Amino acid sequence: MIRFPSKQAQVQTTIFTKMSALAAEHGALNLSQGFPGFDCSDELQTLLAFYSKGHNQYAPMAGVPVFKQSIADKTCLFYGIDIDANKEVTVVSGATEALFCAIHCCVFPGDEVIMFDPSYDAYDPAVRLAGGIPIHLSMDAQNGFQIDWEELARSITPKTRAIMVNSPHNPTGSIWTENDLDALAEIVKGTNILIISDEVYEHIVFDGKKHYSVLLHPELRQRSFVCGSFGKTYHITGWKIGYCLAPEYLTKEFQKLHQWVTFSSATPLQYALSDYLKEPAHYLGLSNFYQRKRDLFASAFEGSKWKLLPSHGSFFQCMDYREISDEKDVDLAERLTKEIKVASIPISVFYEKAPGDTILRFCFAKSDEVLLEAAQRLVQL
């Protein structure tokens, strides 16, 4: 056997792959990995079938022009912001690729990148692979997973290259406010710090609240990579199509990386989505669609020992099991998958240093029947 050093010696298979495999092995209801349990619309499938004829060669590296323009038009309609489709839009193979390219095009060895735990598990490894130093700041469940802005200000050093933003937040379902944008802007003003903003759940916000993209703040927009995904918006996570919006000077650097990662994304998918994007109702109704599922799932736990934490966005519900078990969250998640056949995600895996919370994350992007059956099994604990 040839021996060579691992670039990621401490990295194991992701918790999402592990729990989905465990769910499949035990025939469990899979409320762990964040993918919809239903298909995309018939209209979108028809468009894909149509564009699968005659559009099967490489797309331009940055994306099919009509698709980039559709993304720019949708951004203008939703946020009231003009985006230059040719200079500020890049089509990518999923938001994870966008995040990876954004990190690698700006992070040099020794640079610090601040992220807020619990944080999506792709951030830290990407920073380390770029030679950067992840700086993890914890958010407190008792405080609704809000950011401590004074702690962030104290954490800024001459080595700070970027700050990771994620709203609506995975895994907690918290969202940023306009005041949060102002607080971040005040901290980075006058610095060379960049923002890498993960906004894949931008169209899934509840209770009449609004998604505050970093695009909406002039100070932040000029220094931000905004990473989005059509997988979460249109129930097509398997298509792996997303985008990155950034000022021209950042987009140029981003595309230098993108061309060596995937070069271009699937051509017929881009044409199909370009047409589908022209109807705003396809994404404007998403919040109501998922709020109904959130409320249906939550209602099934009334009077139970589970404590449901607020979910203001995304399609995740975090639940505290403190009154049910004193097990570690990883152990309980595995046991529930095997014994009552309901799979979830333990929150501790999203921390550098887990605080010892007793919280599991459940995905409610599933059919009503699956959600009610899963809840029935869980409330019996």
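Begin by selecting helix 11, residues 248-261, in this predicted model. The helix has 14 residues and reaches 20 Å from its first C-alpha to its last, close to the 20 Å expected at 1.5 Å a residue. Within helix 11, colour Leu 250, Thr 251, Phe 254, Gln 255 and His 258, which are buried. What covers these residues? The cover includes helix 4 (85-88), strand 2 (89-92) and helix 5, together with strand 6 (194-198), strand 7 (224-229) and strand 8 (242-245). Past the end of helix 11, select Phe 263, whose phi is positive, near 65°.

Next, move to helix 5, one of the elements that cover helix 11. Helix 5 spans residues 95-106; these 12 residues reach 17 Å from first C-alpha to last, close to the expected 16 Å. Nine of the 12 residues are buried, so helix 5 is largely enclosed by the rest of the structure. To display them, select Ala 95, Glu 97, Ala 98, Leu 99, Cys 101, Ala 102, Ile 103, Cys 105 and Cys 106.

In soluble globular proteins, nonpolar side chains tend to be buried together. The largest nonpolar core here has 93 residues, and Leu 184 and Phe 230 touch the most other members. Helix 8 (residues 178-188) gives the most to this core, with six residues. Apart from this core lies another, of 25 residues, among them Ala 102, Cys 105, Cys 227 and Ala 246. Return to Leu 184 and show its surroundings: beyond residues up to four places away in sequence, Leu 184 touches Trp 149, Leu 152, Ile 163, Val 165, Trp 176, Ile 195 and Leu 220.

Then select helix 1, residues 15-26. Its 12 residues reach 16 Å from the first C-alpha to the last, close to the 16 Å expected. Just after helix 1, Gly 27 takes a positive phi of about 65°.

Step back to the segment before helix 1 and select Gln 8. Is this residue buried or partly exposed? Gln 8 counts as partly exposed, because its relative accessibility is 30%. Gln 8 and Arg 128 are 120 residues apart in sequence, yet their C-alpha atoms are 8.6 Å apart in space. Leaving aside neighbours within four places in sequence, Gln 8 is in contact with Pro 125 and Leu 129.

For the next stop, select Gln 317 in strand 10 (residues 316-320). With a relative accessibility of 3%, Gln 317 counts as buried. A polar atom of the Gln 317 side chain lies 2.7 Å from the backbone oxygen of Leu 309. Not counting residues up to four places away in sequence, the residues that Gln 317 touches include Arg 294, Phe 297, Leu 308, Ser 311, Leu 360 and Phe 364.

Finally, select residues 30-378, where an unreviewed UniProt entry places the feature "domain: Aminotransferase class I/classII large". The end C-alpha atoms of this span lie 13 Å apart, and the span is 40% helix and 16% strand.

Key
Residues numbered from 1 in each chain as written. Predicted model: local features only at pLDDT ≥ 70, side-chain atom pairs only at ≥ 80, totals over all residues. Heavy atoms only, no water. Core = buried A, V, L, I, M, F, W, Y, C linked by side-chain atoms within 4.5 Å. Buried < 20%, exposed > 50% of the residue type's maximum accessible area, 1.4 Å probe, protein only. Helix = DSSP H or I, 4+ residues; strand = E, 2+ residues; numbered from the N terminus. Contact = heavy atoms within 4.5 Å. Polar contact = N/O pair within 3.5 Å; in protein donor to acceptor, adjacent residues only side chain to side chain. UniProt positions renumbered as here; feature names shortened; annotations may be inferred. Expected span 1.5 Å × (residues − 1).
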